[in-house]
Amino acid sequence: MSKAHTQEQFDLFISQLIETNAPLGFFADFDKIAANVDAISMKLHQLNYLIGKENLESAIHQLWAENPKVFSVLDILIAVRATDKKKAIDRAGNIRLIEDFFKNPESIIEYIEDTGLKEVFQNKRIGSLVDYVFGVETGLDTNARKNRSGDIMGNKIAAMFQEYHIPFRREVYSTEFAEMKCLGEDRKRFDFVIKTPGKTYLIEVNFYSGGGSKLNEVARSYSELAPKINQFPNYEFVWITDGVGWLSAKNKLEEAFAVIPRVYNLTTLPEFLSELLHE
């Protein structure tokens with residue numbers, strides 16, 4: 001069985017991979033960060049009462065008597081969200097959800113003392129919990145960068161399709177195509193679908209600026225997916241990917257490159273788009 005690409009083509013593809021697709025706006029989504037802070041700002045303002053108090057235990061009891069709900073946001077002060085369902089060992093050796101420490105003043109005192117927040121409060125290392133949590137949220141937002149990188153790549157590809165006046169659809173499920181029953185029972189969602197008079201192209205798009213085990217799995221899964229789709233003359237699988245993260249999974253990428261006829265990066269994609277215009 002002949003390979004889909006030559007070694008020279010693969011070497012050229014690898015040499016064309018770019019370091020990043022991220023503009024400066026990639027690094028922090030300040031609209032989302034501000035919304036997260038605004039949602040709990042009233043409670044944070046009330047918790048500011050604890051800052052600088054010498055008798056912190058007494059202050060906690062006073063605030064609890066006034067409004068016990070304000071303590072429900074203490075988890076974010078150590079960069080943990082309630083949805084994370086993080087657990088910790090208490091002084092009695094019991095494993096508890098972080099949020100369970102906020103159910104009475106005694107547990108709150110234990111939480112504040114043992115996390116180190118007591119010193120932070122008493123020594124006024126924080127001037128405003130609202131400002132502090134804005135910083136925490138900015139740090140936590142870095143976890144969303146991987147998704148934003150994929151969104152940037154998808155939007156870039158969509159813009160290129162529009163530039164070439166190629167009609168397309170985004171996020172289309174395989175169940176729309178009777179032949180794609182060959183993919184099994186699971187619903188496969190393709191990033192893009194382009195339909196020409198002669199063929200339907202099912203397209204996956206991704207970008208990896210860093211390495212990791214996921215890249216090997218992606219390359220392996222697409223190597224298995226492409227032949228199943230390409231067995232039908234009126235369908236073809238297309239993979240558009242880029243990023244120097246692939247250098248850490250070069251062997252797996254090369255294996256996929258050998259069995260998938262249509263693999264493009266941002267440099268070679270215009271070749272495919274020009275071809276589409278003549279179908």
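This briefing covers aromatic pairs, charges over rings, a helix contact and selected residues of one predicted model. Because the model is predicted, local features need pLDDT of at least 70 and side-chain atom pairs count only at pLDDT 80 or more, while totals for chains, interfaces and linings use all residues. Residues are numbered from 1 along each chain as its sequence is written, and side-chain values use heavy atoms, with hydrogens and water left out. Helices (H or I, at least four residues) and strands (E, at least two) are DSSP runs, numbered from the N terminus.

**Aromatic pairs**

- A pair of aromatic rings is described by the distance of the centres and the angle of the planes.
- Rings of Phe, Tyr and Trp (its six-membered ring) pair if their centres lie within 6.5 Å; planes under 30 degrees apart are stacked, over 60 edge-to-face, and the rest tilted.
- The count under this rule is 18 aromatic pairs.
- One of them joins Tyr201 and Phe272, edge-to-face, at 5.3 Å centre to centre with 80° between the planes.
- This pair links distant parts of the chain: Tyr201 is in strand β5 (residues 200-207) and Phe272 in helix α10 (residues 269-277), 71 residues apart.
- Both Tyr201 and Phe272 are buried. Here buried means under 20% relative accessible area, exposed means over 50%, and partly exposed lies in between (1.4 Å probe, protein chains only).
- The ring centres of Tyr222 and Trp239 are 4.9 Å apart and their planes stand at 80°, so this pair is edge-to-face.
- Tyr222 and Trp239 also link distant parts of the chain, 17 residues apart: Tyr222 belongs to helix α8 (residues 213-230) and Trp239 to strand β6 (residues 235-242).
- Tyr222 has 7% relative accessibility, so it counts as buried. Trp239 has 0% and therefore also counts as buried.
- One aromatic cluster is formed by Tyr208, Tyr222, Phe237, Trp239 and Trp246.

**Charges over rings**

- A charge sits over a ring if NZ of Lys or CZ of Arg is within 6 Å of the ring centre and within 35 degrees of the ring normal.
- Arg96 places its charged end over the ring of Phe101, 4.3 Å from the ring centre.
- Arg187 places its charged end over the ring of Tyr173, 3.8 Å from the ring centre.

- Two packed helices are described by the angle between their axes and the distance between the axes.
- Axes are lines fitted to C-alpha atoms, for helices over the stretch in contact, with angles from 0 to 180 degrees between N-to-C directions.
- The axes of α2 (residues 30-47) and α6 (residues 129-140) come within 8 Å and cross at roughly 145°.
- The crossing of α2 and α6 is right-handed. A crossing is left-handed if the near helix is turned anticlockwise from the far one by less than a right angle, and right-handed if clockwise.
- Contact means heavy atoms within 4.5 Å. On the α2 side, the contact residues include Phe30, Ile33, Val37, Ile40 and Leu44. On the α6 side, they include Leu129, Val133, Phe134 and Glu137.
- The residues of this contact divide into 11 nonpolar, four polar and one charged. Ala, Val, Leu, Ile, Met, Phe, Trp, Tyr, Cys and Pro count as nonpolar, Asp, Glu, Lys and Arg as charged, and the others, Gly among them, as polar.

**Helix α9**

- The buried residues of α9 (residues 250-259) are Leu253, Ala256, Phe257 and Ala258.
- The cover over these buried residues includes α1 (7-15), α8, β6 and β7 (263-264).

- Lys85 is not a glycine, yet its phi is positive, at about 55°.
- Lys85 is in the loop between α3 (56-66) and β1 (87-89). Its relative accessible area is 47%, so Lys85 is partly exposed.
- Glu171, also a residue other than glycine, has a positive phi near 50°. Glu171 lies in strand β3 (residues 169-173).

**Single residues and their distances**

- Lys32 is in helix α2 and counts as partly exposed at 36% relative accessibility.
- Lys32 and Lys199 are 167 residues apart in sequence and 41 Å apart in space, C-alpha to C-alpha.
- Thr175 is in the loop between β3 and β4 (189-195) and is exposed, with a relative accessible area of 54%.
- Thr175 and Arg189 are 14 residues apart in sequence, and 8.8 Å separates them, C-alpha to C-alpha.
- Arg145 lies in helix α7 (residues 145-163) and is partly exposed at 27% relative accessibility.
- Leaving aside neighbours within four places in sequence, Arg145 is in contact with Phe26 and Phe27.
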